Amino acid sequence: MSTITPSLWFDDQALEAAEFYVSVFPDSKVTNVSYYGEAGPRPAGTVLTVDFELDGRRFTAINGGPEFTFDEAVSFLIDCADQEEVDRYWSALTADGGTESQCGWLKDKYGLSWQVVPAALGELIGDPDPGRAQRAMAAMLTMRKLDVAALRAAADGA
């Protein structure tokens, strides 16, 4: 049976990043660390790859060098049940050098992009009343971290 595992390319922060991510998400763990050998291309004994799970989903991180960096073309979406979850993930992922962007997007301190989205957003922008949906969408477009109460107020015309 085949599986798809996201592989994240780092310069030399793969283990540090994996340990950070497993500290942020529940039911997460580092499952394996492999090291460069004498064949290189990096010094023997330095971390090559890190296998880890985030909320039960498999990932691999590689220390491949500075040639490639993350950009917004690929991101991970976090579906949050409520504002409390949005706030928790937003705070953790923007800490220590992460940056806020627009509409629920951010970059963590490693440059990886995340979308932190409350369940209420889909409900509001998918509202059968086009006026409510448009007001919620317009409000979302002005936000950095998404605010469920403000989205609901906008949808209601308040």
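Here are some questions and answers about the predicted model shown above.

User: Before we start, which pLDDT limits apply to this predicted model?

Analyst: Happy to set that out: residues are numbered from 1 along each chain as its sequence is written, and side-chain values use heavy atoms, with hydrogens and water left out. In this predicted model totals for chains, interfaces and linings use all residues, whereas side-chain atom pairs count only at pLDDT 80 or more and local features need pLDDT of at least 70.

User: What is the volume of the largest pocket?

Analyst: On a 1 Å grid over the protein atoms alone, a pocket is an open set of points where a 1.4 Å probe fits, with protein on both sides within 12 Å along at least five of seven lines; lining residues have an atom within 4 Å of a point. The lining includes Phe25, Arg57, Glu85, Tyr89 and Trp114, and S5 gives the most to it, with 4 residues. Grid points are joined across faces, edges and corners, and the volume is the space filled by probe spheres set on the points. For the largest pocket, that volume is about 300 Å³.

User: Why do the buried residues of H4 line one face of the helix?

Analyst: In helix H4 (residues 130-140), Ala133, Ala136, Ala139 and Met140 are buried. An α-helix has 3.6 residues a turn, so residues three or four places apart point the same way. Taking the directions from the helix axis to the C-beta atoms, the buried residues of H4 line one face because they fall within an arc of 130 degrees.

User: Which helices do those buried residues of H4 pack against?

Analyst: The face of H4 turned away from its buried side carries the exposed residues Pro130 and Gln134. The buried residues of H4 pack against helix H3 (119-125) and helix H5 (148-155).

User: Which side chain makes a polar contact with the side chain of Thr49?

Analyst: Thr49 lies in strand S3 and is buried, at 18% relative accessible area. A polar contact is a pair of N or O atoms within 3.5 Å; within protein, one must be able to donate a hydrogen and the other to accept it, and residues adjacent in sequence count only if both atoms are side-chain atoms. At 2.4 Å, the partner of the Thr49 side chain is Ser34.

User: What is the length of the polar contact that joins the side chains of Thr60 and Asp51?

Analyst: Thr60 sits in strand S4 and is buried, with a relative accessible area of 17%. Its contacts (heavy atoms within 4.5 Å) include Thr49, Asp51 and Phe52. The side chains of Thr60 and Asp51 are joined by a polar contact of 2.9 Å.

Definitions and conventions:
Buried < 20%, exposed > 50% of the residue type's maximum accessible area, 1.4 Å probe, protein only. Helix = DSSP H or I, 4+ residues; strand = E, 2+ residues; numbered from the N terminus.
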